[in-house]
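Student: I have a model open and want to go through the fold with you. Can we start with the overall layout?

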Amino acid sequence: MDATRRPRLIVGVSGASGAVYGLRALDACRDLGVESHLVLSRSAALTLAQETEATLADAHARADVVHKAGDVGAAIASGSFHALGMIVAPCSIRTMSEIATGVTASLLTRAADVTLKERRPLVLMVRETPLHLGHLRTLVRLAEMGAVIAPPVPAFYAKPRTLEEVVDQSVGRALDLFGLAWTPVRRWGHDIGPTGPDSAEET
């Protein structure tokens, strides 16, 4: 990557529950000086309206560059586009399945497929439970292809006090996989745990 260019991250937001993960991933990119390239699935706009106070315009405003889901000729659809990788936050089962089969019907899944073929990190924050055997086999296939499956599981050891802290911890740990250290993440042995400030010795 050109040393004079800001690092880039592709942020995909699918229609799964948890649109706030995508929003906070965009916020984190801005905090970290990373150029964010956003692509939302058509269903993501519906979920955004149902689950958050943010509008589609608000989501677009958080990104440096916005790509339309139907624009399969966008820059991020090409392997020549330099990026740290791609995060899909949240990742629906449909999106997961399209990526796994390589039958990509939108820019979101095309960009994910390109990320895999270029051997760049693809982090999928899969949001579904319970998972049936077909889901699990698809996840195994994706892991074998090189994707990182990172469901947004609450980190209770961080002793979150708000829902925002739960979300930020999951997003921050996902960003760790790209070598990006976001301040809100509370880390074991530093912020918490045996050597952290929350571990005063018993008297």
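Student: What order do the elements run in from the N terminus?

Tutor: From the N terminus the chain reads β-α-β-α-α-β-β-α-α-β-α-β-α. Helices (H or I, at least four residues) and strands (E, at least two) are DSSP runs, numbered from the N terminus. The total is seven helices and six strands. The radius of gyration is 17 Å, close to the 17 Å from the globule rule for 203 residues, so the chain is as compact as a globular protein of that length. That radius is taken over C-alpha atoms, and the globule rule is 2.2 Å times the number of residues to the power 0.38.

Student: Where do these coordinates come from?

Tutor: This is a predicted model, in which local features need pLDDT of at least 70, side-chain atom pairs count only at pLDDT 80 or more, and totals for chains, interfaces and linings use all residues. Residues are numbered from 1 along each chain as its sequence is written, and side-chain values use heavy atoms, with hydrogens and water left out.

Student: What share of the residues is buried?

Tutor: Of the 203 residues, 48% count as buried. Buried means under 20% relative accessible area, exposed over 50%, and partly exposed in between (1.4 Å probe, protein chains only).

Student: On to the sheet. What is the strand order?

Tutor: The open sheet of six strands has the order E3-E2-E1-E4-E5-E6, with parallel pairing. Two strands pair if DSSP finds at least two bridges between them. The edge strands are E3 (65-67) and E6 (148-149), each of which pairs on one side only.

Student: Which strands flank E4, and over how many bridges?

Tutor: E1 (residues 8-13) pairs with E4 in the parallel sense over three bridges, and E4 pairs with E5 (residues 122-126), also parallel, over four. Ile10 has Met86 of E4 as its bridge partner, while Val88 is partnered by Leu124 in E5.

Student: Is E4 mostly covered or open?

Tutor: E4 (residues 86-91) is mostly covered, with six of its six residues buried. Met86, Val88 and Pro90 point one way, and Ile87, Ala89 and Cys91 the other way.

Student: What kind of peptide bond joins Ala89 and Pro90?

Tutor: A cis one, with omega about -5°. Pro90 sits within strand E4. Another cis bond runs from Thr129 to Pro130, with omega near -5°, and Pro130 is in the loop between E5 and H6. For background, most peptide bonds are trans.

Student: What about H4, which of its residues are buried?

Tutor: In H4 (residues 93-101) the buried residues are Ile93, Thr95, Met96, Glu98, Ile99 and Ala100. They pack against E4, H5 (107-117), E5 and H6 (133-145). Just after H4, Gly102 takes a positive phi of about 80°.

Student: Which residues other than glycine have a positive phi?

Tutor: Among them are Arg119, with phi near 60°, and Lys159, with phi about 50°. Arg119 is in the loop between H5 and E5 and is exposed, with a relative accessible area of 70%. Lys159 is in the loop between E6 and H7 (163-176), and is exposed as well, at 54%.

Student: Last one: how many positive and negative side chains are there?

Tutor: There are 21 positive and 22 negative side chains, and the centres of the two sets lie 7 Å apart. Lys and Arg count as positive and Asp and Glu as negative, while His and the chain ends are not counted. Each charge is placed at NZ of Lys, CZ of Arg, CG of Asp or CD of Glu.

Technical notes. Contact means heavy atoms within 4.5 Å.
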